[in-house]
Amino acid sequence: MNKAVDVLILLLLGVLVGFNVFFSFIVAPLLFSNFDHRSAGEVTNLIFPYYFGSGWVIGIIIYTLFGIKSIKDKEIIKKYKGFVIGTLVLVITHMALHKTVLPVARSINIQYYQELKEGNKEKASELKSKFKTIHGISSAVNLFNLALEIYLFQYYFLRERKLKKA
């Protein structure tokens, strides 16, 4: 069972990396390069909540699987301290993107288009500036998550190999 749990943890980390690369570097750029910004934004507003939500849900599943491993080996937490802390940070950052940053960005975007519709270009410009700031934060956190996911994958994989040789 331990080997199956290890494989499942690595698989889930691989899925997180794949989701991140796929949505950040393929889906979003394709949408914004082939559709007007409003339409592309509406599509990403449909997709990204699932993407960000899946990040913290998968993180909690990984934590649970790791907890199952710790039932057999009480010392495993000490051996994988960096992995445990990294997974906690990953869950928190995905949750922050999903539950805080994304709703704020959506709200600002809705207000922006409402102000444009009403002809308030100055207010719309302010809102666009705020949106760019929020989007920059979101993008930075998302890139941090990608780096963390890759780190967690290699940390767990290499640590498992090292411990099996010992």
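**Figure 1. Overall fold of the predicted protein chain.** The protein chain holds five helices and zero strands, where helices (H or I, at least four residues) and strands (E, at least two) are DSSP runs numbered from the N terminus. In sequence order the pattern reads α-α-α-α-α. With a radius of gyration of 19 Å, well over the 15 Å that the globule rule gives for 166 residues, the protein chain is more spread out than a compact globule; the radius is taken over C-alpha atoms, and the globule rule is 2.2 Å times the number of residues to the power 0.38. Along the principal axes, the C-alpha atoms fill a box of roughly 70 × 25 × 20 Å. This is a predicted model, in which local features need pLDDT of at least 70 and side-chain atom pairs count only at pLDDT 80 or more, while totals for chains, interfaces and linings use all residues. Residues are numbered from 1 along each chain as its sequence is written, and side-chain values use heavy atoms, with hydrogens and water left out.

Figure 2. Of the 166 residues, 39% are buried, a class defined as under 20% relative accessible area, with exposed being over 50% and partly exposed in between (1.4 Å probe, protein chains only). Among contacts with a separation of 6 or more, 78% join residues 24 or more positions apart, a contact being heavy atoms within 4.5 Å. The mean positions of the 21 positive and 11 negative charges lie 11 Å apart; Lys and Arg count as positive and Asp and Glu as negative, whereas His and the chain ends are not counted, and the place of a charge is NZ of Lys, CZ of Arg, CG of Asp or CD of Glu.

**Figure 3. The largest nonpolar core and the surroundings of Ile 62.** This core has 19 residues, of which Ile 9, Leu 13, Ile 62, Phe 66, Tyr 80, Phe 83 and Tyr 156 touch the most other members; a nonpolar core is a set of buried Ala, Val, Leu, Ile, Met, Phe, Trp, Tyr and Cys residues joined through side-chain atoms within 4.5 Å. Two or more residues are given to this core by each of helix 1 (2-34), helix 2 (37-72), helix 4 (81-118) and helix 5 (121-165), and the largest share, six residues, comes from helix 1. Leaving aside neighbours within four places in sequence, Ile 62 is in contact with Ile 9, Leu 12, Leu 13, Leu 16, Phe 83 and Thr 87.

Figure 4. A second, separate core of 18 residues includes Val 27, Phe 48, Ala 105 and Tyr 113. Val 27, in helix 1, is buried with a relative accessible area of 13% and, beyond four places in sequence, is in contact with Phe 22 and Ile 47. Ala 28 also lies in helix 1 and is buried, with a relative accessible area of 15%. Not counting residues up to four places away in sequence, Ala 28 touches Phe 23 and Phe 48, and its C-alpha atom is separated by 8.9 Å from that of Gly 41, 13 residues apart along the chain.

Figure 5. Asn 109 is found in helix 4 and, at 16% relative accessibility, counts as buried. Not counting residues up to four places away in sequence, Asn 109 touches Asn 45 and Phe 131. Asn 145 belongs to helix 5 and is buried, with a relative accessible area of 0%; leaving aside neighbours within four places in sequence, Asn 145 is in contact with Asn 20, Leu 90, Thr 93, His 94 and Leu 97.

Figure 6. Beyond four places in sequence, Val 91 is in contact with Trp 56, Gly 59 and Ile 60.
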